[in-house]
Amino acid sequence: MRAYQDMVFTTSARLVGDDRQAEDIAQEVFLKAFENFDQLRTSPSAGGWLKTVARNLSLNHIFRYRRRWRMFSELRREDSEEDEPEVEFALPDDVLAGVDADVRHGLVEEALHRLPERQRLPLVLYHFEELSYEEIAGQLGVSLAKVKTDIFRARAALAKLLAQRGVTAATSLGAP
Amino acid sequence: MSADHERQDELERQLTRTLRDQPLRRAPDSLERRVLAQLEASAAVTRWRRGFAHWPLAARVAFLAASVGIVKVALSIAVWLSTPLDARVLSFDLPSQLAWVQTLFVAIGSVARTVPSLWVHAGIALFAIMYLALFGVGASAYRTMRAAH
């Protein structure tokens, strides 16, 4: 368990965007793993199995929570594409180049957490889970075009957040 | 390729590099303790209180057989109640100690058949309204608790 707990927790945390919920999901993943202990003990693909289960449970959790919240909320208008701000590319190159690695990693995680769910999910699935656009569309139940748009916007939003934070961090660390 | 596309590709390359370098986050120390505690708690739970999938095969088969039997009996009763009274139905023999069962079923059947359909529909409507009201109260409670959370 110790060999995989960071991977399982990280997978869940990046998807659900909440450490407490991610810990609950990670616990569930390992309980499932213990149910299949005999098969997993000698399997070379145990890590892959754990990662897939962590991803699926995280997505299930998100969809279940989202459905419940929608059902019990007033009929709020869905965030539409038109509400999205225009994407800007006024980004400095190597925005975090001068920042200490640990600080940079922390800033990236923080920026990921700050992304809205509709952007964070496809971005994480694409860059960390290494799913294709088609697979992401299937997992999220949305069109291929929406996946591409959301990832495109997520990258721009993330880069903007990193640029803002990077400048601050670089300044505070005395980097050029 | 347009300048926009080039910038998009460059952004993708930069972010791919940045995200690929991200190390795994450290799991909370409490995770392992929680998993082990949950495993111990599960082991302590008696077998019949565990999920159906954990029951012994014989118990699962028996449970399914009993369920099918109960459903069959329930359907038979429903069919019997919905058919008109028939002399043949009343003529089956039961031991004298169980005669009350026959009387009870005949009485229930007679009452069920004499209830006007309007009452039945009104009853169903009332049930639906009460169910929706309960659902609404639950939803309000959930929202209130969620807002307070």
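**View 1. H105(A) in helix α5 of chain A.** H105(A) lies in helix α5, which spans residues 101-114 of chain A in this predicted model; helices (H or I, at least four residues) are DSSP runs, numbered from the N terminus. With a relative accessibility of 16%, H105(A) counts as buried, a class that means under 20% relative accessible area, against over 50% for exposed and partly exposed in between (1.4 Å probe, protein chains only). Residues up to four places away in sequence being left out, H105(A) touches D21(B), Q22(B) and P23(B), where contact means heavy atoms within 4.5 Å.

**View 2. The stacked rings of F34(A) and F37(A).** Over all chains, the structure holds 3 aromatic pairs, in which rings of Phe, Tyr and Trp (its six-membered ring) have centres within 6.5 Å; planes under 30 degrees apart count as stacked, over 60 as edge-to-face and the rest as tilted. The ring centres of F34(A) and F37(A) are 5.9 Å apart and the planes meet at 15°, so this pair is stacked. F34(A) is partly exposed at 32% relative accessible area, and F37(A) is partly exposed at 38%.

**View 3. The edge-to-face rings of W55(B) and F63(B).** Here the planes stand at 85° and the centres are 5.3 Å apart, so the pair is edge-to-face. F63(B) is partly exposed, with 41% relative accessibility.

**View 4. R14(A) over the ring of F128(A).** The charged end of R14(A) is 4.1 Å from the ring centre of F128(A); a charge sits over a ring if NZ of Lys or CZ of Arg is within 6 Å of the ring centre and within 35 degrees of the ring normal.

**Notes.** Residues are numbered from 1 along each chain as its sequence is written, and chains are lettered from A and ligands numbered from 1 in the order in which they are written. Local features of this predicted model need pLDDT of at least 70, side-chain atom pairs count only at pLDDT 80 or more, and totals for chains, interfaces and linings use all residues, while side-chain values use heavy atoms, with hydrogens and water left out.

Definitions and conventions:
Helices (H or I, at least four residues) and strands (E, at least two) are DSSP runs, numbered from the N terminus.
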